[in-house]
Amino acid sequence: MSKIDPAERGLILTCPNCQQRNRVIYERSGDPFRCSKCQTPLSLVGEPIEIPSEVVFNAVTQRSALPVLMDFWAPWCGPCKMIAPELIKIASSYQGRWLVCKTDIDSMQDVARRFAISSIPTMAVFNQGREVARQSGAMGAAGIQQFMEGARV
């Protein structure tokens, strides 16, 4: 399985074949892509992407060609831990069609304030730079899927 790291200019994928690191710019995240070294087809990892900074948060939510499901969470939150396996299921099911991301509100308090996150877990859908839907509370994979499909993307 390839590894994915979000960065300001795009997603960095490590090729599982040759270990070459490849950048996929957010604006092309919905396009098929190959390793620049060995031409192995690459795909977005079917796991939630941990957002490391406000700069990367802004880049992902504003520039992604794919809709973004953002989970606002904290490591100490019990319900947040309970939905983590559900988000993995969703990320796997929607691989290549959505970006499923996680934002730790403790390490990114400015983002949490800007989006008025008052309870966690809270999920938000971003499309073309706009927040289009929001839901607070723990949900199973079926509930998350229903929330995503009900968002106007």
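Me: At what angle do helix 2 and helix 4 pack, and how far apart are their axes?

Reply: In this predicted model, where local features need pLDDT of at least 70, side-chain atom pairs count only at pLDDT 80 or more, and totals for chains, interfaces and linings use all residues, axes are lines fitted to C-alpha atoms, for helices over the stretch in contact, with angles running from 0 to 180 degrees between N-to-C directions. Residues are numbered from 1 along each chain as its sequence is written, and side-chain values use heavy atoms, with hydrogens and water left out. Helix 2 (residues 78-93) and helix 4 (residues 141-150) pack at about 50°, their axes lying 9 Å apart, and that makes helix 2 oblique to helix 4 (under 35 degrees is roughly parallel, over 145 roughly antiparallel, 65 to 115 roughly perpendicular, the rest oblique).

Me: Which residues of helix 2 and helix 4 meet?

Reply: With contact meaning heavy atoms within 4.5 Å, Glu86, Leu87, Lys89 and Ile90 of helix 2 meet Ala141, Ile144, Gln145 and Met148 of helix 4. By class, this contact has 5 nonpolar, 1 polar and 2 charged residues.

Me: How many aromatic pairs does the structure hold, and why is the pair of Phe57 and Phe72 tilted?

Reply: A pair of aromatic rings is described by the distance of the centres and the angle of the planes. Rings of Phe, Tyr and Trp (its six-membered ring) pair if their centres lie within 6.5 Å, and planes under 30 degrees apart count as stacked, over 60 as edge-to-face and the rest as tilted. The structure holds 6 such pairs; in one of them, the rings of Phe57 and Phe72 have centres 6.0 Å apart and planes at 50°, so the pair is tilted. This pair links distant parts of the chain, with Phe57 in helix 1 (residues 54-63) and Phe72 in strand 7 (residues 68-73), 15 residues apart.

Me: Is Phe72 buried or exposed, and which residues do ring pairs link into a cluster?

Reply: Buried means under 20% relative accessible area, exposed over 50%, and partly exposed in between (1.4 Å probe, protein chains only). Phe72 counts as buried at 0% relative accessibility, and Phe57 is buried with a relative accessible area of 0%. Ring pairs link Phe57, Phe72, Phe115 and Phe126 into a cluster.

Me: What covers the buried residues of helix 1?

Reply: In helix 1, Val56, Phe57, Ala59, Val60 and Thr61 are buried, and what covers the buried residues includes strand 1 (3-6), strand 7, strand 8 (99-104), helix 3 and strand 9.

Methods
Helices (H or I, at least four residues) and strands (E, at least two) are DSSP runs, numbered from the N terminus. Ala, Val, Leu, Ile, Met, Phe, Trp, Tyr, Cys and Pro count as nonpolar, Asp, Glu, Lys and Arg as charged, and the others, Gly among them, as polar.
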